[in-house]
Every structure is written in C-alpha cells, then in structure tokens.
Amino acid sequence: MEMRLTDILSKPLTSKFEQVEGFLNNTKLKCGRQKKIKAGKIALNYFCRNCDIDITFVSDEELFCIGINERLVSIDCVLTCPRCGEVIPVWFLVESKSDIYSQAPDIRVLKRTERLTQNVLLGRGKYDDFSELLEKADRAYRDELGAGAIVYLRKVLERITFQTAEAIDIETKNKNGKHRPFKEILVKVDKECSIIPKEFSENGYKLFSELSEIVHSNGDDELLGLKRYDALQRLVIGVLDNVKNNNEMMAAIGNLGWNEEGNAME
C-alpha cells in the first residue's frame, strides 16, 4: 500500500526517496501557483511549555502546496497542540525523482523549517535538553553547515562530561580557580567511568581533537565537518547512552540536574 504525502512529512528527514499517492491530481502546478491539497494530516513532536511535555502537534487535512518546478514543491501548514491549542507554522521543501504531479511520485523532504515560539521547543526526546542540541546539529548538517553541526556536538560532549565529572567528584578547576583543559577532564572521566563507546576506545580522543580543530577553524573545514559528522555524532550519542545506562552515575548527576548547563571548555 502506497504511503500518503503526510506520512513522509511526519517522519524524520532522510535522503531516501519513497513512493506516495499522487497529491496533485496529475495537474502541473506552475511556479508560484498555490493549490489546496488533501493528503492526510501532518503529525510532528515538539515540547509544549504550556503542557510541559513532549506532545504531537497535528495539522488540518487541508495543506497549501506552492509550485516551484516539475520536481519541486513547497508545502505550508500550521500544526496545533491538541491539549492547549498552541500553534506553529511549518514549511517543507519536497523533491520528486521525476514529475511531482504524477500518480505515484517518489519523493523526499529536502528541508523542513518551523517557526518555533517561546512556548514551543524542539522535542526533548530520549536525551532531554540534549535532544534539542542534537537536533540542531542534524539540521546544520542537512543544510551543509559542517562546522556549525560540529559546534553543537562539541557542546553536548562538553556538557555531559563536566556534569559527570562533578557527579563523581573529579576536580574541574585548578587551584587558581581556572578551568582545567576539557581533554584532561574527558580522559579522567573516561578512566573512572568508561563513557567513551568501545567503537571509539582507541581513537576517541583523536576524534575529539578533530572536533576541536573544526570548531576553531576559520570556516575552511566545512567539508571536513560534513565528512566526519557521522562518526562524531556516534561518539557523542554513545557517550550519552553510556552515562544514561549507568544508574549510579545518573543518580549522582540527577542530584546536580541532568538538564543544567555544563561548563563548556575551550
């Protein structure tokens, strides 16, 4: 059974094309022309501050489709929190392998943009506040902003490492009150708690050095950031998983506040 357009729009972004039921009724949509379409409801998860939970925001069945060319359209909609009625506008850029107005086009979402409000944030998900930083890293990567994506990953790694260090009483400052180098703290925490995943046990510190070099570059390492993103993302998520799976460590961190800001170091 073919999926509907909204099934794809409700999923995480991927480079894979998937076939859907035609949604333009075999009619070409000229550049700049708008058409109302019915292709189901879009459902995406966000954190609603009014409700204080991750919750699925849902669109109406009528969506607005704007033509760009024979293979590209934009989809505009408004998503609503089912509990409190808070709304956010969302825009999608949708690409087809061939004619997008065909009976069963193969499509993918090239870009999704939300206009978040002070009451709606990206979903907390599995990693609480870290989820928002991970999502921002993914978005920067999809927009081919390699250095920007790495900045977010580094921030996550620094924050969780310092939280863990404080939880297990590893000193993060010198006698003069200045912060110790982050790599020094990472080495000590890993020695005590083995937070670096086994996959990276031999080159975890080398990867961190690459991460730092990309962050402090003058923009010349965008391509390197894109190339190394997958490995660095696995490293960071692996560290988060190792911390969350250690009940004793999480209990100690919980007393400090898992969601509090860490002391990110240079």
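Here's a quick briefing on the fold and two of its local features. The model is predicted, so read everything below as computed from that prediction. The protein chain has 266 residues and is built from seven helices and nine strands.

**Overall picture**

- Of the chain's 266 residues, 42% count as buried.
- Looking at contacts between residues at least 6 apart in sequence, 61% link residues at least 24 apart.

- Strand 3 covers residues 43-48 and strand 4 covers residues 53-58; the two run antiparallel and pair over six bridges.
- One of the pairings to look for is Phe47, whose bridge partner in strand 4 is Asp54.
- Together, strand 3 and strand 4 make a hairpin, with four residues sitting between them.
- Asp52 lies in that turn and has a positive phi of about 60°.

- Helix 3 takes in residues 146-167, which is 22 residues in total.
- From its first C-alpha to its last, helix 3 reaches 32 Å, close to the 32 Å expected at 1.5 Å a residue.
- Helix 3 is mostly covered, with 17 of its 22 residues buried.
- Just past the end of helix 3 comes Asp169, with a positive phi of about 60°.

Terms used: Residues are numbered from 1 along each chain as its sequence is written. This is a predicted model: local features need pLDDT of at least 70, side-chain atom pairs count only at pLDDT 80 or more; totals for chains, interfaces and linings use all residues. Side-chain values use heavy atoms; hydrogens and water are left out. Buried means under 20% relative accessible area, exposed over 50%, partly exposed in between (1.4 Å probe, protein chains only). Contact means heavy atoms within 4.5 Å. Two strands pair if DSSP finds at least two bridges between them. The expected span of a helix is 1.5 Å times one less than its number of residues.
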